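Here is a note for a colleague who comes to this structure for the first time. The points follow one after another and can be checked against the display.

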Amino acid sequence: MTKAHVYNRDHINTDEIIPARYLNTDDQAELAKHCLEDLDAEFVKKVQADDVIVAGEDFGCGSSREHAIWAIRGVGIQTVIAKSFARIFYRNAINNGFYLIESAEAAEKIKDGDELEIDYEAGLIKDQTAGIDIRFNPLPDFALEIINDGGLLEHIKKTAD
Amino acid sequence: MGMTITEKILARAANKNSVRPGELVDAQLDVVLFIDVTGPPAVSMLETRGIDKVFDREKIIVTPDHFQPAKDIKSAELHKRLDQWARRHNIKYYYKLGRAGVCHALLPEQGHIRPGEVIIGPDSHTCTYGAFAAFSTGVGSTDLAAAIATGKLWFRVPASMKFVLSGKLGPGVYSKDVILAVIARIGVDGTLYKAMEFTGSALKSMSMEARMTMTNMAIEAGAKNGIIGFDQTTKQYLDEHLKDKKDYTIYESNSDAKYEEVEEFDCSKIEPMVALPHLPSNGVTISECSAKQMDQAYIGSCTNGRIEDLRIAAKILKGKQVAIRTIIVPATPTIWKQAKDEDLFDIFYDAGCVIAAPTCGACLGGFMGVLAEGEKCVSTTNRNFVGRMGHPKSEVYLASPATAAASAIEGKLTDPREYL
């Protein structure tokens, strides 16, 4: 079951996603314990594997710390749905083989706690709680290629072979 | 149609005659930065994949900075990983403790930044180097890993936005006030994914240090890179700082280059600015926020920890006493020594400030000046996000070194023009 955790706010930044006081490690499990800590201290208690985060504009702005993606992935989040993403966060996600969904419609219509079913290939979110279908534009081909290869380093290895 | 300076540099690096915004290119990298927080994870990524090579040991510049000198056991482990890797690969430019400094102040100062080059670093403020007519952008650890191994990265060519800065800055007004005014107008995603090109007559009177303060904060408007064209000021700085490789290529935007938007600023009308919590875009003039009580002043960072910044602060603090905790952080050992040789340390000591070792330190809530619950800090740094300098309920007010120094004396946000 995929549940939406909705933060109806723009500019949720990397300091909120993983505060710098935890950047002295790159251990994903350790980082996961503090995911979104300064935004919502309860988040790590309520999040479950395969859930998604939903937010407004410019999600992930601020630092280049890839720790933000590692913390989000570490708690088992399958994707982030936002109206838009900050540049380095977007790039880090792709490079980690982590899928992002950019959709203003989804960010507006999905309510906190809604149960979702996401078809990445078709670009379709089924909001089962609200009983609505939301279409989204899949990521560009070059990004999908990297994600499908499992991230940038695997992609480079594959294309170098 | 003509190209912008950003497009020209990316075209050169991708070995193409021309590129257009939106186009994907594989660019050859000229300089790759490596630091303590984001560098070691990149090495681990390579090692777990059985890749242990560097594309060019002379093009990777290594310095610990965020948590150096090591603030705790875990950061000491990061430094150990950095040190072992740098030694194993015989990295030519490895700045160890004693020569290590805040990377974005250190690299230009040590002559590693040249016009026309493509520079990446695993820190969002890598956009700083655009002040030298170079393409420079921040990336994450995976990109760094790829860069270390291959010397190449993929980029989507950004569209450009032009910022025309005219007029002369008034007394007590600095480039920090200009960039805070720019971001206040366009917002923290005002240049998302784009190149932020600064031009105009106001730049002429700005030193390279002052220009770096502006390109440094391009990321605070969401930009991919900030960039300023080459002129005599650039040349003079390079003549004084370049060491091993002194040749470079100068690129300029064509007069018919395409800009998505053009924003104009009359700098003579800009007043000392303060960005209120919790976004760099919350800039207001000092008169709109003066008298707000502070608990700490912090003068340092890659934004405003250079010698010029320390001189500006010292001029205001000379013969005065600070009313709140005031932390001075020279960004590099060279700046530290310059400040000492110019007797600025005496001024800071006499005023009641503490002088720290070069580090990113408390700018990102690391150490050496972290805030307690409810505390407020006027800071010359670049971000005032929730919890940025410490407790999630602490507050950061971004300002120029002059405003921070004047505010330190009064213990509240203060117009620096009262102390000129």
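1. The place to begin is Pro69(B), which sits in the loop between β3 (60-62) and α3 (73-88) of chain B. Please keep in mind throughout that this is a predicted model. The peptide bond that joins Gln68(B) to Pro69(B) is cis, with an omega of about -10°. Chain B also has a cis peptide bond between Pro277(B) and His278(B), where omega is about 0°, and His278(B) belongs to the loop between β12 (273-275) and β13 (283-285) of chain B. As background for a new reader, most residues other than glycine have a negative phi, and most peptide bonds are trans.

2. Leu36(A) is not a glycine, yet its phi is positive, at about 60°; the residue lies in the loop between α2 (28-32) and α3 (43-46) of chain A. Is Leu36(A) buried or exposed? Leu36(A) counts as buried, because 24 C-beta neighbours lie inside 10 Å. Tyr193(B), likewise not a glycine, takes a positive phi of about 70° and is found in the loop between α6 and β9 of chain B. Tyr193(B) is partly exposed, since 18 other C-beta atoms lie within 10 Å.

3. The sheet of chain B comes next. Four strands of chain B make up an open sheet with parallel pairing, in the order β10-β9-β8-β11. The edges are held by β10 (225-228) and β11 (261-266) of chain B, each of which has a single partner strand, so one side of each is left without a neighbour in the sheet. From one strand to the next, the twist averages 20°. The pairing of β8 (residues 160-166) of chain B with β11(B) is parallel and consists of six bridges, and within it Phe163(B) has Glu263(B) of β11(B) as its bridge partner.

4. Helix α6 (residues 175-186) of chain B lies across β8 and β11 of chain B and runs at about 135° to β11(B). Helix α7 (residues 208-216) of chain B packs on the sheet as well, where it touches β9 (195-199) and β10 of chain B, and its direction makes about 150° with that of β10(B).

5. Domain 1 of chain B covers 7-14 + 22-151 + 160-265, while domain 2 covers 272-419, and their centres, taken over C-alpha atoms, are separated by 23 Å. The contact between the two takes 36 residues from domain 1 of chain B and 33 residues from domain 2 of chain B. On the domain 1 side, α4 (103-109), α6 and α7 of chain B each supply at least two residues, and α6(B) gives the most, with six residues.

6. Just after α14(B), Gly411(B) takes a positive phi of about 75°.

7. The last point concerns the contact between the chains, to which chain A gives 34 residues and chain B gives 41 residues. On the side of chain A that touches chain B, α1 (14-17), α5 (87-95) and α8 (152-160) of chain A each supply at least two residues, and the largest share, five residues, comes from α5(A). The residues of this side of chain A divide into ten nonpolar, twelve polar and twelve charged.

Terms used:
Residues numbered from 1 in each chain as written. Chains lettered and ligands numbered in written order. Predicted model: local features only at pLDDT ≥ 70, side-chain atom pairs only at ≥ 80, totals over all residues. Contact = placed C-beta atoms within 7 Å. Nonpolar A, V, L, I, M, F, W, Y, C, P; charged D, E, K, R; others polar. Pairing = 2+ DSSP bridges. Axes fitted to C-alpha atoms, helices over the stretch in contact; angles between N-to-C directions. Domains from an automatic or database assignment. Buried ≥ 20, exposed ≤ 12 C-beta atoms within 10 Å, placed from the backbone.
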